[in-house]
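The exercises that follow ask for careful reading of a structure, each with a worked solution. Please look through the sequence and the coordinates before turning to the tasks.

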Amino acid sequence: MKKLLIAAAALALTAGLAGAQTVRLGTEGAYPPFNFINDKGEVDGFERELGDELCKRAELTCEWVTNEWDSIIPNLVSGNYDTIIAGMSITEERDKVIDFTQNYYPPASSAYVALKADADIKGGVVAAQTATIQAGHVAESGATLLEYPTPDETIAAVRNGEADAVFADKDYLKPFVEESNGELMFVGEEIQLGGGVGMGLRESDAELKGKFDTAIQAMKDDGTLNTLLKKWFGDETPLF
Amino acid sequence: MFASCADPSTLEGLSWLLCYLTSGKHILFYISIGTVLTLLVITAPAALAFGFGGAMAARSQFAPLRWIGKAYTSMVRGVPDIIFFLFVPIALDQLFEFIRHKAKCPDWDQPIWQGSDFVVCPAAKLPLSTSEQWVHETYGFFMAVLAFAIVFGAFAANVIYGAMNAVPRAQMETAEAYGMSHRQAFRRILVPQMWVYALPGLSNLWMILIKATPLLFVLGVRDIVYWARELGGSKTSAYEYPHPDWRLYYFLALLAFYLIMTSLSERVLRRISARLSKGQATMAGEQQRKAAA
């Protein structure tokens, strides 16, 4: 009898929790147009709109949290939030520690940006954000890697001459180049890195991963994801 | 904030700047000054309490208590602050959640550590994942206060320990001669007199505490340094107020803020020092007596 009561209580408790479950979405808030803090002080960008739509489709209550890029994976696994939705490329190394949903952003090009067209991107100093696939690529390319905690600082480093070039996602760099009045320019070839951008989840959280996977697939199928991609990254962006 | 700021792209010059400086993000920046001040106001007495407790423990005649007091001060003082700040909030948070997990979910059959994941039952989460964002932020803030209090408490403990030993032995002997118990002498003679010896060390700690507040940023609390960096970074047209790299100006404002804070404290501390020296058998106290006579 006692066991039955406990079981009933546990069931009632979990049922109550399931109804009110809040999923905390962790992002960096410094990587426009993927995610950034807008002038109202709220999380904004492609991933904000995407995340809200995914939560609506999966019938989850979601809450946005920002976290430093450096510690974004450790804080996910220790349970401070439930997903990473921060322009994080799916790579094998990360997949060992966390799980990824299917990609919601196709494998995209990374590019070099410099002040001069003849900047030495093979043997010079190249800036990249810490713990990104681009930083890994620069380290292997033979150039000297200069790491910064935020993407904004990598561009500042090129502007004040500390680095010869910056290597990052092309979609992130594009607005900076376009709005620099010719000061900044793309150099070298574009390089394809990673398996696209996906949501990161704890490996023990298979249920939540399933929900988001279904929602992403649904958005791919009915074309809403492509509309979102066009809205935030322009008409030439690769689509699904 | 103002109706005229609805479309910033049409604004120019001073009105643009006015709208820019009153944007929601800037308001958060101004509020974070309050966060820093609140941290100081709560941490200073908390660290003093830790310090007083640590010093009393280190002086205790009961050996295990003395060992705890000594171990606390020497361990915390020997570890770099930033490592402690990274360690304490994560470790304490997991400890609290572990205890709550054991208490609230005895039927839970999955392991808590699954590979690198730390998984407790939803009811044991701290704060609950259903609670509002401000609850999470307040919880993070108090973890930060705790980390600051533990670290600065250890330094304060050593200062207070030294100050207690600096009170002339003759004072305590006189108290004993008057028939006061050990506890009475401690409360009536030792504690009131030790502050004047402790003050130089404590005022140093206060200054260091003011300058250590940017460590809040390491703990995920958005303090003024976080906002200065975020606001100062160059902004493309994805933002309502695009601008180039303005970090220099924001950091200059921070510089002014910290200088004002420290110079104000210096003034206050000088007053407290004068007040404490009154009637004391120290050089400063003697000078005051002569000046009055």
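This is a predicted model: local features need pLDDT of at least 70, side-chain atom pairs count only at pLDDT 80 or more; totals for chains, interfaces and linings use all residues.

**Exercise 1. Find how many disulfides the structure holds over all chains, and describe the remaining ones.**

Solution. The count over all chains is three. In chain B, B:Cys5 and B:Cys19 form a disulfide whose sulfur atoms are 2.0 Å apart. The torsion about its S-S bond is about -85 degrees, so this disulfide is left-handed. B:Cys5 lies in the segment before helix H1 (13–21) of chain B and B:Cys19 in helix H1 of chain B, so the pair ties together parts that are 14 residues apart in sequence. Both B:Cys5 and B:Cys19 are buried. With bonded cysteines counted along the chain, the disulfides of chain B follow the pattern 1-2, 3-4.

In chain A, a disulfide joins A:Cys55 to A:Cys62, with the sulfur atoms 1.9 Å apart. Here the torsion about the S-S bond is about -90 degrees, so the disulfide is left-handed. The accessibilities of the two residues must be read separately: A:Cys55 is buried, at a relative accessible area of 3%, whereas A:Cys62 is partly exposed, at 22%.

**Exercise 2. Classify the geometry of the aromatic pair of B:Phe29 and B:Tyr250, and state which parts of the chain the pair links.**

Solution. The structure holds 29 aromatic pairs over all chains. For B:Phe29 and B:Tyr250, the ring centres are 6.2 Å apart and the planes lie at 65 degrees to each other; planes over 60 degrees apart count as edge-to-face, and the pair is accordingly edge-to-face. The pair links distant parts of the chain, with B:Phe29 in helix H2 (residues 24–59) of chain B and B:Tyr250 in helix H9 (residues 247–277) of chain B, 221 residues apart. As for accessibility, B:Phe29 counts as buried at 9%, and B:Tyr250 is buried at a relative accessible area of 8%.

B:Phe98 sits in helix H4 of chain B and B:Trp113 in strand E1 of chain B, 15 residues apart. B:Phe98 is partly exposed, with a relative accessible area of 27%.

**Exercise 3. Identify which ring the charged end of A:Lys170 sits over, and describe other aromatic features of chain A.**

Solution. The charged end of A:Lys170 sits over the ring of A:Phe186, 5.3 Å from the ring centre. A:Lys220 lies over the face of A:Phe240, at 4.2 Å from the ring centre. Chain A also contains an aromatic cluster, whose members include A:Tyr31, A:Phe34, A:Tyr104 and A:Phe233.

**Exercise 4. Describe the fold of chain B in outline, and state where in this chain confidence is lowest and where it is highest.**

Solution. The secondary structure of chain B comes to 10 helices and two strands, which follow the order α-α-α-α-β-β-α-α-α-α-α-α along the sequence. To judge its dimensions, note that a compact globule of 293 residues would have a radius of gyration near 19 Å, whereas chain B has 25 Å; its C-alpha atoms fill a box of roughly 80 × 65 × 30 Å along the principal axes. Of the 293 residues, 43% count as buried.

Turning to confidence, the mean pLDDT of chain B is 88, and 99% of its residues reach 70 or more. Confidence in this chain is lowest in E1(B), at a mean of 79, and highest in H2(B), at 94. The model as a whole scores ipTM 0.75 and pTM 0.80.

Technical notes. Residues are numbered from 1 along each chain as its sequence is written. Chains are lettered from A and ligands numbered from 1 in the order in which they are written. Side-chain values use heavy atoms; hydrogens and water are left out. A disulfide is a pair of cysteine sulfur atoms within 2.5 Å. Buried means under 20% relative accessible area, exposed over 50%, partly exposed in between (1.4 Å probe, protein chains only). Helices (H or I, at least four residues) and strands (E, at least two) are DSSP runs, numbered from the N terminus. Rings of Phe, Tyr and Trp (its six-membered ring) pair if their centres lie within 6.5 Å; planes under 30 degrees apart count as stacked, over 60 as edge-to-face and the rest as tilted. A charge sits over a ring if NZ of Lys or CZ of Arg is within 6 Å of the ring centre and within 35 degrees of the ring normal. pLDDT is the predictor's confidence in each residue, from 0 to 100. The radius of gyration is taken over C-alpha atoms; the globule rule is 2.2 Å times the number of residues to the power 0.38.
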